[in-house]
Amino acid sequence: MTEQLTRGFVATDREVRCPFDPSERLAKMARREEPTRVTVFEREYGEVEVLTFHRYADVRALYNDPRLDHSFIPAPDGAMQTAQPGFFPRFHGTEHTRLRRMVAGSFTPKRVAQLRPRIESIISELLDEVEEAGPGVDLFKVLRPSAALHRDR
């Protein structure tokens with residue numbers, strides 16, 4: 001059976017020995033100067049050929065190009081379908097600036113530092129739950145819906 005990649009393969013194609021390391025396939029693609037053509041399987045559209053860009057300058061140029069809309073994908077009939085509603089890079093110009101200003105205060109170094117104790121507490125509780133579950137833990141069963149995430153809201 002031929003492997004069917006989905007568009008999320010970049011995030012999921014990882015080495016077993018360390019899930020933070022990209023697979024050899026991704027590492028090889030990253031060493032290329034030019035974009036790589038990859039065939040992926042889209043549930044709605046079947047097999048689709050996509051370009052993956054690897055160099056920082058290329059990716060940055062794409063995100064800053066107003067001709068591209070990053071949250072829509074073309075349907076076979078040419079219509080545009082929302083792929084990720086509310087995807088921030090989708091907004092451009094004054095609309096992007098307006099939305100960015102609305103959330104910027106939540107991400108200042110001072111605000112993030114204030115959140116640190118709460119984040120550390122949540123992580124500690126979640127890790128305790130995982131440890132209690134023992135080896136071979138199913139994270140979805142153990143951590144969903146975790147009290148640690150919903151307390152003090």
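1. Arg116 is exposed, with a relative accessible area of 53%, where exposed stands for over 50%, buried for under 20% and partly exposed for the range in between, using a 1.4 Å probe and protein chains only. This is a predicted model, in which local features need pLDDT of at least 70 and side-chain atom pairs count only at pLDDT 80 or more, whereas totals for chains, interfaces and linings use all residues. Residues are numbered from 1 along each chain as its sequence is written, and side-chain values rest on heavy atoms, with hydrogens and water left out.

2. The side chain of Arg116 meets that of Glu120 in a salt bridge of 3.1 Å, N to O, the term being used for a side-chain nitrogen of Lys or Arg within 4 Å of a carboxyl oxygen of Asp or Glu. Both residues belong to helix H5 (residues 109-133), and because they are four residues apart there, about one helical turn separates them; helices here are DSSP runs of H or I with at least four residues, strands are runs of E with at least two, and both are numbered from the N terminus. Glu120 counts as partly exposed because its relative accessibility is 45%. Salt bridges with shared partners also join Glu33, Arg55 and Asp58 into one network.

3. Asp58, a member of that network, sits in helix H3 (residues 56-63). Its side chain makes a polar contact of 2.9 Å with the side chain of Arg55, a polar contact being a pair of N or O atoms within 3.5 Å in which, within protein, one atom must be able to donate a hydrogen and the other to accept it, and for which residues adjacent in sequence count only if both atoms are side-chain atoms. When neighbours within four places in sequence are set aside, Asp58 is in contact with Glu33 and Phe53, contact meaning heavy atoms within 4.5 Å.

4. The salt bridges come to seven by the rule used here. One of them joins Glu24 and Arg31, whose closest N and O atoms are 3.0 Å apart, and Arg31 counts as exposed because its relative accessibility is 56%. Another joins Glu49 and Arg37, with the closest N and O atoms 3.2 Å apart. This pair links distant parts of the chain, since Glu49 lies in strand E2 and Arg37 in strand E1, twelve residues away, and both Glu49 and Arg37 are exposed.

5. Strands E1 and E2 (residues 46-52) run antiparallel and are joined by seven bridges, two strands being taken to pair if DSSP finds at least two bridges between them. They form a hairpin with three residues between them, and Thr52 of E2 is the bridge partner of Thr36.

6. Two loop positions may be set side by side. Ser23 lies in the loop between helix H1 (9-12) and helix H2 (24-30), counts as buried because its relative accessibility is 7%, and touches Asp13, Arg14 and Glu15 when residues up to four places away in sequence are not counted. Leu68 lies in the loop between H3 and strand E3 (72-74) and is partly exposed, its relative accessible area being 32%.

7. Met102, Val103, Phe107 and Val112 make a nonpolar surface patch of about 410 Å². Patches consist of residues with over 30% relative accessible area and no salt bridge, like charges being joined within 9 Å and nonpolar side chains (Val, Leu, Ile, Met, Phe, Trp, Tyr) within 5 Å. Val103 is found in helix H4 (residues 93-104) and counts as partly exposed at 36% relative accessibility.

8. On the whole chain, the secondary structure comes to seven helices and four strands, which follow the pattern α-α-β-β-α-β-β-α-α-α-α along the sequence. Of the 153 residues, 15% count as buried. The accessible surface, from the Shrake-Rupley method with a 1.4 Å probe and, for residues, only the protein chains shown as cover, comes to about 12,300 Å², of which 57% belongs to carbon and sulfur atoms.
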